[in-house]
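Please look over the model below before reading on. The paragraphs after it are meant to be read with the structure open beside them.

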Amino acid sequence: MRVYNFAAGPSTLPIEVLEKAQAEFLDFAGTGMSVCEISHRDKAYDAVVKQAEALVRELLNVPEDYAVIFVQGGASQQFAAIPLNLMHNGKADYIVTGNFAKKAWQEGQIYGEAVKIGDSSDKTYTYIPNVDTLNYSPDADYVHITSNNTIFGTRYDKFPTCKAPLVADMSSEIFSREIDVSKFGVIYAGAQKNLAPAGVTIVIAKRELIQNPLKICPTMLKWKIQDENGSLYNTPPCFSIYMAKLVLESLKAKGGVAAINQVNEYKAKLLYDFIDNSSFYTNSVVPQFRSIMNVPFVTPNAELDAKFIAESKKAGLVSLKGHRLVGGMRASIYNAMPVEGVKALVEFMKKFEMENK
Ligand SMILES: *Cc1c(COP(=O)(O)O)cnc(C)c1O
């Protein structure tokens, strides 16, 4: 039996995508081989990368003068690639709104002056600092943000308007809501949250910004090189890019990002409304900044949290354990989580509350 998987990442994928991958696994595009076995220089595979790129461009309305590349090493590798490609004056601003934002900031410090201009750790990252009143450095090479904070369940309701290029880690929300790519210098996202299996990371970067990586930048981390080679400078994560292509095709068939965003808002509202109307469950994020992808919540005590996790698992609702930094529960309700999954969770929560109040 397939369960409802609320894991934060790797996470649930659309069933029709898994079925399609299964159906063509032994004979991909008439090659008589699986997509894991053909050369990345094969025409059939080249088409996969080109289609995946075209779908990213179409679904996010990416301007012509932006590179769209598929790279390896996860979002964490990009924490280093960002300064190595962009830090020409040796200085960048970081807004620290969670654990990954902090890691990005710490990695930035290896390469130059990484200035923490905003920090919401005083209230365990339950809010996003006011982006209009931050002290942006006039000589920063870029401003880095984490647009959706996977562990703490917050998201930016509006983005900074700053002079320096805005660099955004969108790992846990890319393709979940409409964004104006032209407002960003760089957008990057590890695939395993909302897009594909682990192994591939998408980087969308304004080309004029990426022409002069630092001298010490490893070739593999030079976005310019990856762009010039159409993400095929070396062997790419073939299977993950192929799966990303299938997920993007499925998203397009469902009406694209605007359509899925409506579904996402609806799913999140079901869950938050239920939590807010209950005296048993609590979500402590400031409502204005609540993520529609990751929803942390707790029961009245840690013992009941543990019981909730054990019993929900038996009910076919899995991976609801919160991140170790937060405790409690976390429901990740990415694009691929059907409305029925969220309804099943809410029903379970009702029942658990009645039995344990
Ligand atoms: C998961 C996650 C990361 C880390 O991704 P890796 O691919 O494991 O390196 C970074 N940023 C955010 C926002 C994430 O959700």
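The text that follows begins at the ligand and then turns to helices, single residues and backbone geometry.

The model is predicted, and for that reason local features are described only where pLDDT is at least 70 and side-chain atom pairs only at pLDDT 80 or more, whereas totals for chains, interfaces and linings use all residues. Residues are numbered from 1 along each chain as its sequence is written, and side-chain values use heavy atoms, with hydrogens and water left out.

The ligand has 13 residues around it, of which S76, T150, D169, Q192 and K193 come nearest; a residue is counted here if one of its heavy atoms lies within 4 Å of the molecule. By class this shell holds 3 nonpolar, 8 polar and 2 charged residues, where Ala, Val, Leu, Ile, Met, Phe, Trp, Tyr, Cys and Pro count as nonpolar, Asp, Glu, Lys and Arg as charged, and the others, Gly among them, as polar. Helix α3, residues 74–86, makes the greatest contribution to the shell, with 4 residues; helices (H or I, at least four residues) and strands (E, at least two) are DSSP runs numbered from the N terminus. An oxygen atom of the ligand lies 2.6 Å from a side-chain N or O atom of S76, and a backbone N or O atom of A75 is 3.1 Å from an oxygen atom of the ligand. In the side chain of Q192, an N or O atom is 2.9 Å from an oxygen atom of the ligand. Taken alone, the ligand exposes 390 Å², and the protein buries 86% of that, the areas coming from the Shrake-Rupley method with a 1.4 Å probe and, for residues, with only the protein chains shown counting as cover.

Helix α6, residues 238–253, has 16 residues and reaches 23 Å from its first C-alpha to its last, close to the 22 Å expected at 1.5 Å a residue, the expected span being 1.5 Å times one less than the number of residues. This helix is mostly covered, since 12 of its 16 residues are buried, a term that means under 20% relative accessible area, with exposed meaning over 50% and partly exposed lying in between (1.4 Å probe, protein chains only). The buried residues of α6 pack against α1 (15–23), α2 (43–60), β2 (66–71) and α7 (256–276). Leaving out residues up to four places away in sequence, S240 touches A196, P197, A198, G199 and V200, contact being defined as heavy atoms within 4.5 Å. After α6 comes G255, with a positive phi near 110°.

Helix α9, residues 339–356, has 18 residues that should span 26 Å at 1.5 Å a residue, and its end C-alpha atoms are 26 Å apart, which agrees. Among its buried residues are V342, L345, V346 and M349, and the buried residues of α9 pack against elements including α7, β11 and β13 (329–332). From helix α7, where L271 is found, the contacts of L271 beyond its neighbours within four places in sequence are V295, A331, I333, V342, L345, V346 and M349. L271 is buried because its relative accessible area is 0%.

Some backbone geometry remains to be noted. A cis peptide bond with omega of about -10° joins G9 and P10, and P10 is in the loop between β1 and α1. A29, which is not a glycine, has a positive phi of about 50° and sits in the loop between α1 and α2, where A29 counts as exposed at 56% relative accessibility. S231, in the loop between α5 (223–228) and α6, likewise has a positive phi, near 65°, but S231 counts as buried, at 3% relative accessibility.

Technical notes: A polar contact is a pair of N or O atoms within 3.5 Å; within protein, one must be able to donate a hydrogen and the other to accept it, and residues adjacent in sequence count only if both atoms are side-chain atoms.
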